[in-house]
Structures are given as structure tokens and as C-alpha cells.
Amino acid sequence: MKKNTKKPIVIAVASQKGGVAKTTTAINVAVALGLKGYKLLLIDFDPQESLSNFFGVYGIDTDNNVGDLMYKTINGESYDIADYIIHNEVNNVDIISSENERMKKLDKTDLNSIEGGELVLKRALENNHSALKDYDFIFIDCSASLDFLTDNALTASDYVLVPCQASPIVFAALPNLYAEVDEVRNKTNSKLSVLGVVATLCENTNISRQTIEMLGQTYDECFDTHISRQTVVGESAIKEKAVVLSQAKDNKAAQQYRKLADEILERL
């Protein structure tokens, strides 16, 4: 394994639509990379707190969440990012949790009212470079909308990973996300690249198959790996354990997410 000693690769996992397995993809790709020996940090940048809740961490229970980190960065206050990082032993990843009220206030009011509001998360990561340098990857689970929070995540990232449910409605919304990526690239992060689009929640139906075909025909960066809809994925949240940790032969999602992690490494 080639160790990244300079800076972690930052990947935003983004989608304009909710319910497309965005958080599930962020978690399982990260944990799959962890199984290969890489060191991972997951940042929950979604007011819905789904990633935090998956790992049994609730931002409302502590001031040390990403919203507080953002406000301290805005105000120029000193802090130790290590105080915000929680290690999850079962999944062998580190996380920074979210908190609904702070994140909503940041998005609706405070990031809009300051100059360079899109740069706050980027500044937070750069200001803590020495504390984060041992990580190979940082995954940012974005909010399911094109807002100031998503702009912050994209501005702070090297790549964006796009989960797209194998549904015509979700497929039709993809150009909006690509337009947002282009805008961020032009204004605040010229190095941002689309890592790829992954079809999720795939079913054995004509509509699902047709959507996958349209994705491949429209976007050159589509991954070969598709993620099936399986009840075991939902059950993994109850167990607070990523589905990729399962070795069951009938667990297609576990196998697929591990293959997706391999594809990501190949592209990087």
C-alpha cells in the first residue's frame, strides 16, 4: 500500500436528491478502504445527521461537532480538531459528527452573511493540516441539496463521488449537480474533479436497467460497479456496522461496495 504522507485525499459524497444511498455509500466505501489498511476520517456535513446516527453519535449530545468547528473557524477561535474526532472501533474509522440546528443556521444565515463563506470548511481542514496528515482519505457526507453546505464541501475536496439511484427521476437531476460542480470549479476550487457516478439501489426491473444504461451513455466517468437494493443494507444501520464487513456469500451489497472501493483506488 502506498502511504499518503503529504495530505489526505478529500472526497465529497454528494447528490441533489435524498434517499439515493449517499450516506450508505460514504460509509461503506470508507470502511472498505479501511479494510485495505488505509486510515479514514468521515465528516458528517449533513444537517440530517444520518452518518452520525449510523455510528451511534448524536451531535446534540456534545459541542464538539462539525457545526461548532465551523463557527470557531469563522470567528478565528483556537481549537484542537482532535477534540472533535471520535474513533469507531467496530468499523475502524474516525468521524466528526453533525448537529442539526447549527448546520441549518450555517446554511440559511451565517455562511451567506460573511465574505468567503464557501471557504470555511477548506480553511478548517488546512488550519489543522498537521493533525490530519496521517489520514489517507477524508470523506465528507454532504447534505442532499445544492446549498452553501454542499458548496463548502466541494470547495474543500479534491474529488466528488456521486451516488445516483437507478431511477429516471434521480437521473434527470444529475445535470444540476454537475452544474454546481462546474460553478465551484470556476469560483473556489479549480482542482475539483468528478471521481465518478455510481448507480445505487439497483433492481431487477426494466426501468432500473434502462437508467443504468442511460447513465453509462451520458457520463463517461460511471463506475462499472453497481450497488443492488438489499434489505441487509438497512439492517446494517441497526447494527451500527458497515455492510462491507459482512463475509456472507449472499450479501451482494458488501461485495459490490468492496469492488467499488477497488475501482476508486484504480482511478486515484
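Which side chain does the side chain of Ser-143 join through a polar contact of 3.2 Å? It's that of Thr-150, and a polar contact here is a pair of N or O atoms within 3.5 Å; within protein, one must be able to donate a hydrogen and the other to accept it, and residues adjacent in sequence count only if both atoms are side-chain atoms.

Before you click on, a word on the model: it is predicted, so local features need pLDDT of at least 70 and side-chain atom pairs count only at pLDDT 80 or more, while totals for chains, interfaces and linings use all residues. Residues are numbered from 1 along each chain as its sequence is written, and side-chain values use heavy atoms, with hydrogens and water left out.

**Stop 1: Ser-143.** Stay with Ser-143, in the loop between β5 (137–141) and α7 (148–155). Helices (H or I, at least four residues) and strands (E, at least two) are DSSP runs, numbered from the N terminus. Ser-143 is buried, at 3% relative accessible area; buried means under 20%, exposed over 50%, partly exposed in between (1.4 Å probe, protein chains only). Show Asp-147 too: its side chain makes a 3.0 Å polar contact with that of Ser-143.

**Stop 2: the sheet.** Switch to cartoon view and look for seven strands in an open, mixed sheet, ordered β3-β4-β2-β5-β1-β6-β7. Edge strands β3 (86–88) and β7 (193–200) each have a single partner, so one side of each has no neighbour in the sheet. Two strands pair if DSSP finds at least two bridges between them. Zoom in on β3 and β4 (residues 93–96): they run antiparallel, joined by three bridges. Select Asn-88 and you'll find its bridge partner, Val-93, in β4.

**Stop 3: Glu-99.** Now pick Glu-99, in the loop between β4 and α4 (100–110). Glu-99 is buried too, with 7% relative accessibility. Its side chain reaches the backbone nitrogen of Arg-102 at 2.9 Å, and a polar atom of that side chain lies 3.3 Å from the backbone nitrogen of Glu-101.

**Stop 4: two helices.** Finally, colour α8 (residues 168–187), which lies across β6 (159–165) and β7. Axes are lines fitted to C-alpha atoms, for helices over the stretch in contact, and angles run from 0 to 180 degrees between N-to-C directions. Where α8 and α9 meet, show Phe-171 and Leu-174, among others in α8, and Met-214 and Leu-215, among others in α9; contact means heavy atoms within 4.5 Å.
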